[in-house]
Amino acid sequence: MKLLHVVASPRGSRSRTLTISNAFLQQLQSKHPGTQVQTRDLFAADLPPVDGQNMDSKYRLMVGRPIDPGHADSWAHIEALIAEFLEADVYLVTAPMWNFSIPYVLKYYIDAIVQPRYLFAYNEHGVPVGLVHGKKMVLVTTRGGDYSLGSPMNAYDAQESYLRQIFGFVGITDLECIHAQPMDLAADTRASALQDATLAACRLADELADAYTVA
Ligand SMILES: Cc1cc2nc3c(=O)[nH]c(=O)nc-3n(C[C@H](O)[C@H](O)[C@H](O)COP(=O)(O)O)c2cc1C
């Protein structure tokens, strides 16, 4: 199993989100030692530009034209990032909630990799269809407040809905979410929310390891 871990917290070992994801990975690797983990730390990454030549290439691809040969070197950086993404069987996305949604680096990463003819294509009716099939995604988030179903802030959660939307658009519909919340209101609720989320992450790692062991 090849797993791509996309990290969108800049807080390293102080990140609560990463702490939960690391527990998930540790459990997965203990149950399924064949798991190969590739980490894409977005705050440390030199992401390719999503403007200039690469923007021109995107617009050409959208209308079925080849990219300008003079832009190929620049586009190769986008292609390398896409190749890393497509190589994985399973994705682990580690993302705290920022302003009800995702940290800007994760949006930047999505803007770089979601390209026509690579992650989606237009069918004969001009309708976009996803090209990424048979993959699983685990999304781990932590939030300062509480956005759980039935809570007053639930409608403000543009994080899970957006990630389901964009990754579903490219074909990744098997998406499991683990949220730890609220993190910033009181120490006792934080501790129990972290513990619950870590347990849920380890259970999910067990299920994933079992699925891959049977397969
Ligand atoms: C720039 C920024 C924006 C944030 N926006 C929100 C928000 O909209 N809602 C919320 O509940 N918490 C928000 N938080 C709090 C974080 O989601 C919370 O502290 C989280 O646990 C941080 O995760 P980490 O420890 O992995 O970095 C924000 C934090 C930062 C730094």
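Which residues of helix 2 (residues 52-62) are buried?

Modeller: The model is predicted: local features need pLDDT of at least 70, side-chain atom pairs count only at pLDDT 80 or more, and totals for chains, interfaces and linings use all residues. Residues are numbered from 1 along each chain as its sequence is written. Helices are DSSP runs of H or I with at least four residues, numbered from the N terminus. A residue is buried if 20 or more other C-beta atoms lie within 10 Å of its own, exposed if 12 or fewer, and partly exposed in between, with C-beta atoms placed from the backbone. By that rule, Asn54, Ser57 and Lys58 are the buried residues of helix 2. They line one face of the helix, because they fall within an arc of 100 degrees when seen down its axis; the arc is that of the directions from the helix axis to the C-beta atoms. Gly52, Met55 and Tyr59, on the other side of helix 2, are exposed. Helix 3 (72-87) is included in what covers the buried residues of helix 2, where contact means that two C-beta atoms, placed from the backbone, lie within 7 Å. Just after helix 2, glycine 64 has a positive phi of about 80 degrees.

Helix 1 (residues 16-31) gives the most to the shell around the ligand, with three residues.

Conventions: Helices (H or I, at least four residues) and strands (E, at least two) are DSSP runs, numbered from the N terminus.
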